[in-house]
Amino acid sequence: MMGAKIHWDEGRKKWFVRVYQGGRQYKRYVGRDRGEAQAVADVINADLDRASEYSQLAFPPRYAVNGEDGLRWWLANYRFKRSTHDLNRGRIENHLIPYFGRMDLRNLRALDVRQYADSRFATGCSAHSVKGEVSILRRVLNSLVENGALERNPIPRIMTSVAESARAHPNPNRAESRDAWTPEEAWCLLEFAKCHEPKWYPILMFYFQTGARLGEGLALRWDSVDLFGRNIHIRRAVAAGEEGEPKWGKQRHVPISDELLEVLKWLARRRRISEPWKSPELVFLSPRGKQILKRVLQRAWERIRSRAHTDHGVRP
């Protein structure tokens, strides 16, 4: 079953779109306007219909492979997190199809990619964005080869063209690289949070001690925390409001430091969780006892950094 329907969330007082796709479902909150929510649902349903159509495309060997068909076929047949899917769809629809859509991918040349990169850099686009877009094209070509639509990848070193274009278009406004905080600055930030925003201190300690990504901390549950073996199994992450696998699907274990161990034990006692390693509850909750929203945590972190910079001179 595939499709999108609108629903009202009485708790949040908002309309949201529930999407069913490939045996999975996810929510996308819109707002208090029913018409706006229905418009979002209509767009998603149109995307799903088109994806279903393109997922069944067949490319006979030795026949022309239209760029638009190849790009949309790849997007319809490969599964991503919803946030990654939306990012890839935007890059394909807004940039790759307008440029490569009418080309026969069998005859694609390095010069075509170089000219595409030149055109993107000329608009002020960052190297990171251009590499991301051309990386999609590279994966499309490789997938078409694997499925027999192409005999070979016409541009095996496709990223070289992007690198050459980037060197030819230096960006004078590119921000200089910034050093990481020193250990002293990091501890100053944590101590400031502990004194002035104590409810955010545990999750910030977790991030500083483990180097985990933002969504990984938001999705961490007690049954992934081994207080005796002193390690944490990172196996879930929140992205665009949807809980799924970590980035690139790579699970991993990270050690628990002495400082983090004390914080986690304190949290378990405070929440009255006698055997936390058996509990499916989230480790970190908002001050109201609910799942932490990314934007709320980011606002709290910005407050802490700003005040620590003003009061103690810590780099923001």
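Modeller: Of the 316 residues in the protein chain, 39% are buried. Buried means under 20% relative accessible area, exposed means over 50%, and partly exposed lies in between (1.4 Å probe, protein chains only). This is a predicted model, in which local features need pLDDT of at least 70 and side-chain atom pairs count only at pLDDT 80 or more, while totals for chains, interfaces and linings use all residues. Residues are numbered from 1 along each chain as its sequence is written, and side-chain values use heavy atoms, with hydrogens and water left out.

The C-alpha atoms of the protein chain fill a box of roughly 65 × 50 × 40 Å along the principal axes. The chain has 11 helices and 8 strands. Both are DSSP runs numbered from the N terminus: helices are H or I with at least four residues, and strands are E with at least two.

Now the sheet. It is open, is formed by 3 strands in the order E4-E5-E8, and has antiparallel pairing. Strand E4 (225-226) and strand E8 (252-255) are the edge strands, as each pairs on one side only. Two strands pair if DSSP finds at least two bridges between them. Strand E4 and strand E5 (residues 231-234) run antiparallel and are joined by 2 bridges. Asp 226 has Asn 231 in E5 as its bridge partner.

The loop between E4 and E5 contains Arg 230. Arg 230 is not a glycine, yet its phi is positive, near 60°. Arg 230 is partly exposed, because its relative accessibility is 30%.

Another loop, between H10 and H11, holds Arg 272. Arg 272 also is a residue other than glycine with a positive phi, about 60°. With a relative accessible area of 79%, Arg 272 is exposed.

Lys 290 lies in the loop between helix H10 (258-270) and helix H11 (294-312). Lys 290 is exposed, because its relative accessible area is 58%. A surface patch of positive charge brings together Arg 12, Lys 27, Arg 288, Lys 290, Arg 295 and Arg 299. Patches are made of residues with over 30% relative accessible area and no salt bridge; like charges are joined within 9 Å, and nonpolar side chains (Val, Leu, Ile, Met, Phe, Trp, Tyr) within 5 Å. A salt bridge is a side-chain nitrogen of Lys or Arg within 4 Å of a carboxyl oxygen of Asp or Glu. Lys and Arg count as positive, with the charge placed at NZ of Lys or CZ of Arg. Accessible areas come from the Shrake-Rupley method with a 1.4 Å probe.
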